[in-house]
Amino acid sequence: MLKTTPLNALHRAAGARMVDFGGWDMPVNYGSQIEEHHAVRRDAGLFDVSHMQVLEVEGTGARAFLQAALANDVTKLKVPGKALYSCMLTEAGGVVDDLICYFFREDWFRLVVNAGTAAKDIAWLDRLRERSIARVTVRPRRDLSIVAIQGPRARERFWQAYPALRAATEALGPFSAALMGEWMVARTGYTGEDGFEVILPATEVNAMWQALVAAGARPAGLGARDTLRLEAGMNLYGQDMDENVSPLDAGLAWTVDLKSPRAFTGRGALESNGQSREFMGLLLLDAGGVLRAHQKVRTPNGEGEITSGTFSPTLGKSIALARLPKGTAVGDTVHVVVRDKQLAARVVKAPFVRQGKILVT
Amino acid sequence: MKLPKDLRYTESHEWVRRESDGTVSIGITDHAQEQLGDVVFVEAPQPGRKVAKGESVGVVESVKAASDIYAPLAGEIVAANADLSSAPEKVNEDAFAAWMFRIKPANAADLDQLLDAAAYEKVASE
């Protein structure tokens with residue numbers, strides 16, 4: 001039996017094609033995935049991401065607990081509402097999950113974790129909690145939903161639907177959130193565009209969805225979400241990294257804070273293993289197919305593998321994220337094995353697209 | 001679901017149309033394009049190639065996935081639709097107009113062995 005979000009009936013009524021996404025019955029598209037993608041790049045798209053799990057980390061020592069649990073340093077979160085992207089690592093330095101951590105009070109941080117890993121994350125945090133001197137609880141919120149409105153006109157359309165929230169959210173900088181009663185509005189996302197992610201009581205999400213559609217935001221499915229995040233050079237857990245992959249080999253070194261002497265789970269392994277692979281973008285030069293996960297990449301330095309690949313609607317070309325042998329550099333030409341052919345691709349620096357602009361050639 | 005009565009179909013979601021010159025045109029069904037989503041790449045077989053029934057002869061790729069196209073009957077490839085390499089979205093716009101390749105059947109009667117619209121409808125609704 002698939003799990004459903006409170007918006008399930010609205011998705012179905014809108015003609016969504018529903019798929020089993022990690023045990024959740026989710027909309028992959030409502031028609032053309034490419035048009036949904038363009039709507040986000042050019043105007044505003046609306047995503048139901050209520051399958052993701054909100055975890056409240058509460059109690060005395062919440063900050064110290066997260067300083068030890070996360071690879072990025074929550075010490076950076078000084079102002080209430082500030083958010084941080086981080087990995088949570090195993091002792092061996094593999095990625096348990098990637099998440100966003102919001103700071104509200106010294107005794108209250110909020111994590112948003114992936115749907116497919118939520119149960120594992122909770123169990124993992126419980127283990128860390130038992131070992132910690134901090135007196136914290138990790139409380140999964142089953143009563144909340146999450147909607148993302150993304151695109152150059154996303155905020156404007158949000159305020160059109162909710163004019164009363166404009167004052168409290170207009171000044172929000174990137175990776176900052178405002179709390180208004182049970183609602184949290186954050187200037188975050190997974191598309192490379194401006195916009196908000198809104199966490200609100202599940203009982204109110206249908207009304208919000210309808211209000212945002214009425215304000216001109218176009219419903220977009222998980223299909224567009226994937227092409228948008230790939231163009232934006234953002235990793236997907238389970239594809240670009242997992243428990244067997246170091247964040248240093250997944251292009252996530254920028255999220256691992258090794259500057260402070262802080263001890264965190266996985267630090268020792270990262271420091272002794274270092275980086276063993278390059279994680280870079282690929283732009284397909286030849287015609288002949290679409291880059292996909294698990295395709296082999298032949299380079300002068302040895303073989304690599306695509307971790308995520310797709311057709312980029314913005315570029316009109318196929319793009320990918322790939323784990324490549326060390327020594328591979330931006331500008332190199334490599335060959336990807338697609339069925340019975342070897343197609344030339346250029347190594348590029350991700351992101352491919354940000355804020356509607358193409359960044360690679 | 002669009003399902004022209006005058007075409008033949010396969011269980012692998014190709015449609016097959018008899019042309020006046022004795023060749024048959026092959027494409028993928030409306031049901032198949034809907035399942036695939038936005039088509040971004042079509043690779044049809046080279047004319048001149050001899051193919052067996054059920055042989056994988058081409059590929060359709062959407063944003064989501066790659067899917068093989070199979071020869072519905074034995075024969076020789078006599079034409080490929082070059083329009084689809086530059087405009088693969090035509091498959092989504094009208095799947096039954098977007099023929100991918102033509103075969104000169106080794107045995108013209110093989111066409112009658114394929115599914116009719118009613119039988120394909122059952123396959124597609126499973």
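Predicted model: local features only at pLDDT ≥ 70, side-chain atom pairs only at ≥ 80, totals over all residues.
Local features need pLDDT of at least 70 and side-chain atom pairs count only at pLDDT 80 or more, while totals for chains, interfaces and linings use all residues. Residues are numbered from 1 along each chain as its sequence is written, and chains are lettered from A in the order in which they are written.

**View 1. Helices α5 and α7 of chain A cross at roughly 115°.** Helix α5(A) spans residues 154–161 and α7(A) spans 205–214. Helices are DSSP runs (H or I, at least four residues), and strands are runs of E (at least two). The axes, lines fitted to C-alpha atoms over the stretch in contact, come within 8 Å. The two helices are therefore roughly perpendicular (65 to 115 degrees). R157(A), F158(A) and A161(A) of α5(A) meet A211(A), L212(A) and A214(A) of α7(A). Contact means C-beta atoms, placed from the backbone, within 7 Å. By class, this contact has 5 nonpolar, no polar and 1 charged residues. Asp, Glu, Lys and Arg count as charged; Ala, Val, Leu, Ile, Met, Phe, Trp, Tyr, Cys and Pro as nonpolar; the others, Gly among them, as polar.

**View 2. Chain B touches chain A.** Chain B gives 9 residues to the contact and chain A gives 12. On the chain B side, β4 (39–43) and β6 (56–62) each give two or more residues. That side divides into 5 nonpolar, 1 polar and 3 charged residues.

**View 3. Domain 1 of chain A touches domain 2 of chain A.** The domain assignment, automatic or from a database, gives domain 1 (1–273) and domain 2 (276–358). Their C-alpha centres lie 26 Å apart. Each domain gives 21 residues to the contact. On the domain 1 side, α2(A) gives the most, with 5 residues.

Note on methods: Axes fitted to C-alpha atoms, helices over the stretch in contact; angles between N-to-C directions. Parallel < 35°, antiparallel > 145°, perpendicular 65-115°, else oblique. Contact = placed C-beta atoms within 7 Å.
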